[in-house]
Amino acid sequence: MPLGPQVDPWPRPLPARTPISGAYVALEPLHRRHAGELFEAMRGAEASFTYMSYGPFASQDELGKWIAASAAQHDPMFWAVRPVATGMASGWLALMDIEPAHAAIELGNIWFSPRLARTRAATEAMFLLLRRAADELGYRRLVWKCNAHNAASISAAHRLGFMPEGLLRAHKVVKGRQRDTAMFSITAPEWPSRRDAMLAWLAAENFAPDGTAKQGLAALRG
């Protein structure tokens, strides 16, 4: 009877809770010391939590308690995002739903403040965690999932080269509402083209003097 291809069956290592540095951004293991900067970054950005399962946060203390609880978990494993250009922690993201035995891992729980969203630092932050998972740890399946109504997240998945897998209907209840979940993935054979396109997009020579990208990620993937 038909079977899938044989693969290396060894379990993959769990990610390490360590800092990661890039050209435009530093990722720091999320810690309650980030609460002040992150609370300042989210002022007036309540709508950015519409599709998150938590937030918005009414006070720095409330945010600090959420950060402390989140930083104590290994899955999701959170990093704060500190763009080099501003020096201020302005968002977070995580590796989550980690399945070492199946070499599958998700990039998710992404919250970027308005001043971080759609910047080189934001793209590099996501790239750094994807590269850690795929190249450093050997995960074969990189997952992206989001609320099916979240057009911005779906657009980001397509931009990074994640392939759509379909819809999980009535998947969750989030903030009292039914959530259908859109599923995406990048598998091991697809990763090199995605990685190379992201590296080419992030290269300094891909940006005009006014900071706009000369070529988009889709074009660089060919």
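1. Tyrosine 54 and tryptophan 66 are both buried (under 20% relative accessible area with a 1.4 Å probe, protein chains only; exposed is over 50% and partly exposed in between). Keep in mind that this is a predicted model, where local features need pLDDT of at least 70, side-chain atom pairs count only at pLDDT 80 or more, and totals for chains, interfaces and linings use all residues. Residues are numbered from 1 along each chain as its sequence is written, and side-chain values use heavy atoms, leaving out hydrogens and water.

2. On to the rings: the structure has 12 aromatic pairs (Phe, Tyr or Trp rings, the six-membered one for Trp, with centres within 6.5 Å; planes under 30 degrees apart are stacked, over 60 edge-to-face, the rest tilted). Tyrosine 54 and tryptophan 66 make a tilted pair, 4.5 Å centre to centre with 40° between the planes. Tyrosine 54 sits in the loop between helix H1 (35–41) and helix H2 (60–71) and tryptophan 66 in helix H2, so their pair ties together parts 12 residues apart in sequence (helices are DSSP runs of H or I, at least four residues, numbered from the N terminus).

3. Those two rings also belong to a cluster: ring pairs link Phe49, Tyr54, Phe57, Trp66, Phe78, Trp92 and Trp111.

4. Tryptophan 201 and phenylalanine 207 pair edge-to-face, at 5.1 Å centre to centre and 80° between the planes. Tryptophan 201 is buried at 8% relative accessibility, and phenylalanine 207 is buried at 10%.

5. Each of these rings has an arginine over it. The charged end of arginine 120 sits over phenylalanine 207, 3.9 Å from the ring centre, while arginine 159 lies over the face of tryptophan 201 at 4.7 Å (NZ of Lys or CZ of Arg within 6 Å of the ring centre and within 35 degrees of the ring normal).

Conventions
Helices (H or I, at least four residues) and strands (E, at least two) are DSSP runs, numbered from the N terminus.
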